[in-house]
Amino acid sequence: MVEAFAVASGKGGTGKTTSTLALGMALAEEYDVTVVDADTGMANMLFHAGLADVETTLHDVLAADAPVEAATYERFGMTVVPCGTSLDDFRDADPTRLRAVVADLAAATDILLLDSAAALDSRSAVLPIVLADRVIVVLQPTIPALSDALKVQEYATSYGTDVAGLLFNKVHDDDAIDEIAAKTEQYFDGPTLATVPASEAAREARRAGRPLLAHAPSSPPATSFRRAATRIDVRDRGSEAVADRFRSAVIPDSP
């Protein structure tokens, strides 16, 4: 079985990469999980996962300079495929190769989590959403974040990608989140998976180069991410059929 989820937000600053790794660690307690930094332009997963010093990244694979196996690393119970931060590497990378990379990874995992770009402003940014079976939308309880999240859903559904659910992140006590979440669900196809409280623990984890669930496993946000993972109804799909779909996915000319 394998199912691919794009973790997307439509805007920066929502904690999308923190959310991707947290969900990955939580889901890895039951499934084989592979996390891919598909934000090839503004990659930062390698810093969150303690991989800042690795030599081979997804950029090398997308430039046809290395096989995907060389860019996969076992960390925190997951397989992690990070991108690099070099502008030269980004320039040389061919984002269309991501289809074949995801197809290859699908053969050896149960769940693929594709950490997507913050903004849908290029072919490489929207490709993870096009490839995914479903999208997990990370947002904050603000009007701009809700508006951008709706754009993610509109784009996803236009390419046949369903919404697995919403994840409210960096929520403060005075955000009236219960009322906001209830109203927001009227406009989205998926349920609210969890509301994750704002916490210094997430920033400390980032500085330590460790995912939140490894750095502060008992913290309130870690508990919320685990709750979100239990609410994702992972579907049993044939890996060969899914891989074939990845390889033949239509890449949009523009978002």
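**Buried charges and salt bridges**

Analyst: K16 and D115 are both buried (under 20% relative accessible area; exposed is over 50%, partly exposed in between, with a 1.4 Å probe and protein chains only). This is a predicted model, where local features need pLDDT of at least 70, side-chain atom pairs count only at pLDDT 80 or more, and totals for chains, interfaces and linings use all residues. Residues are numbered from 1 along each chain as its sequence is written, and side-chain values use heavy atoms, leaving out hydrogens and water.

User: How far apart are N and O where the side chains of K16 and D115 meet?

Analyst: The two side chains form a salt bridge (a side-chain nitrogen of Lys or Arg within 4 Å of a carboxyl oxygen of Asp or Glu). K16 sits in helix α1 and D115 in strand β5, 99 residues apart. Helices (H or I, at least four residues) and strands (E, at least two) are DSSP runs, numbered from the N terminus. The N to O distance is 3.0 Å.

User: Is D148 buried or exposed?

Analyst: D148 forms a salt bridge with K151. The two are three residues apart in helix α7, so about one helical turn separates them. K151 is partly exposed, at 47%. D148 has 18% relative accessibility, so D148 counts as buried.
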